[in-house]
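Here is a short briefing to read alongside the model on your screen. Keep the viewer open and pick out the residues as they come up.

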Amino acid sequence: MSLYVSIQGSGPALVLLHGWSLHGGIWRDFLEDLETHFTVYNVDLPGHGKSPYMNQITLASWVNAVVAVTPEKADWIGWSLGGLVATGVIDQHPERVKRLLLLASNPCFIRKPGWDSAVDFDVFSGFADELENDFEKVLLRFLALQVTGSRRARATLKSLQSHLLEKPSPDSRALRAALELLRSTDYRALIASTEKPVYWLSGARDTLVPFAAANCLSGVDDIYIIDDAGHAPFISHANECLSQILRWFN
């Protein structure tokens, strides 16, 4: 069985990859603007939305599942976890990527010596532990964390929650596997060395991907930070995000 992908719009190919615990429906409103400029391949990651979970444990297996349902050459936008998977495509199938936008995403999500622009290991470990006890509570807490600090937090959280309910609940096995990918993957060296154009867009109030990472990243071609945004700038500041994407992906 292959992953679920919707194809909409016309123009150059653009692949969208969503974040942890959500699905391609999160792009719904933003997609209306994108599809006037691009042919958009909106993918549900393994075990998320309408995509089956086929015991994809490694990042390579997630990447291969996505590559199987996307064009031979495209621009890529990866939000949060989706950015990690999209970077994996550059790593394993570089010929498939024209340009990459890391949207509120980090090549290394976990804080390490010399890398403070991330979150503590315990954050994702806590989510993994709590999945066994209260699945829905973990998802709602994670959504709330994504809007913390944003000046449009209430409206953004309401949008995230409504989108979450549009498709089946994510497979808990996929959620645990994805958390391990977030904890264990470090693509800083790849971003620094790739010849592919890589762009980075983030919110200054993002608590999961601190905007200070912009000062530490090597190899990124351009950076754009939205002052009042949190972890979901394409929802809270859609017009500003779209303008910047069109600037990069012209």
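The points below cover a pocket, a cavity, a helix pair and an aromatic pair. Please keep in mind that this is a predicted model. The largest pocket holds about 190 Å³ of space, while the largest cavity holds about 30 Å³. Helices α2 and α3 pack with their axes 9 Å apart, and the structure contains seven aromatic pairs.

**The largest pocket**

- Ten residues line the largest pocket, and those nearest its centre are Glu136, Leu139, Leu164, Leu165 and Ser169.
- Two helices, α5 (135–147) and α6 (153–164), each provide at least two residues of this pocket's lining.
- Of the contributors, α5 gives the most to the lining, with four residues.
- Sorted by class, the pocket lining is made up of six nonpolar, two polar and two charged residues.

**The largest cavity**

- Searching the whole structure turns up one cavity of 30 Å³ or more.
- To find the largest cavity in your viewer, select Ser80, Phe109, Phe124, Phe142, Leu182 and Leu208, which line it.

**How α2 meets α3**

- Helix α2 spans residues 59–67 and helix α3 spans residues 81–92; the two pack at an angle of about 85°, their axes 9 Å apart.
- Because angles from 65 to 115 degrees count as roughly perpendicular, α2 is roughly perpendicular to α3.
- On the α2 side, the contact is made by Leu59, Ala60, Trp62, Val63, Asn64, Val66 and Val67.
- Facing them from α3 are Leu81, Leu84, Val85, Gly88, Val89 and Gln92.
- The residues of this α2–α3 contact comprise ten nonpolar and three polar ones, and no charged ones.

**Aromatic pairs**

- Among the seven aromatic pairs in the structure is one formed by Tyr199 and Trp248, with 4.9 Å from centre to centre and 15° between the planes.
- Planes under 30 degrees apart count as stacked, so the Tyr199 and Trp248 pair is a stacked one.
- This pair links distant parts of the chain, as Tyr199 and Trp248 are 49 residues apart.
- Tyr199 belongs to strand β6 (residues 198–203), whereas Trp248 belongs to helix α10 (residues 238–248).

Terms used
Residues numbered from 1 in each chain as written. Predicted model: local features only at pLDDT ≥ 70, side-chain atom pairs only at ≥ 80, totals over all residues. Heavy atoms only, no water. 1 Å grid on protein atoms, 1.4 Å probe; cavity = no way out; pocket = protein on both sides within 12 Å on 5 of 7 lines; lining within 4 Å. Points joined across faces, edges and corners; volume = space filled by probe spheres on them. Nonpolar A, V, L, I, M, F, W, Y, C, P; charged D, E, K, R; others polar. Axes fitted to C-alpha atoms, helices over the stretch in contact; angles between N-to-C directions. Parallel < 35°, antiparallel > 145°, perpendicular 65-115°, else oblique. Contact = heavy atoms within 4.5 Å. Phe/Tyr/Trp six-rings, centres within 6.5 Å; stacked < 30°, edge-to-face > 60°.
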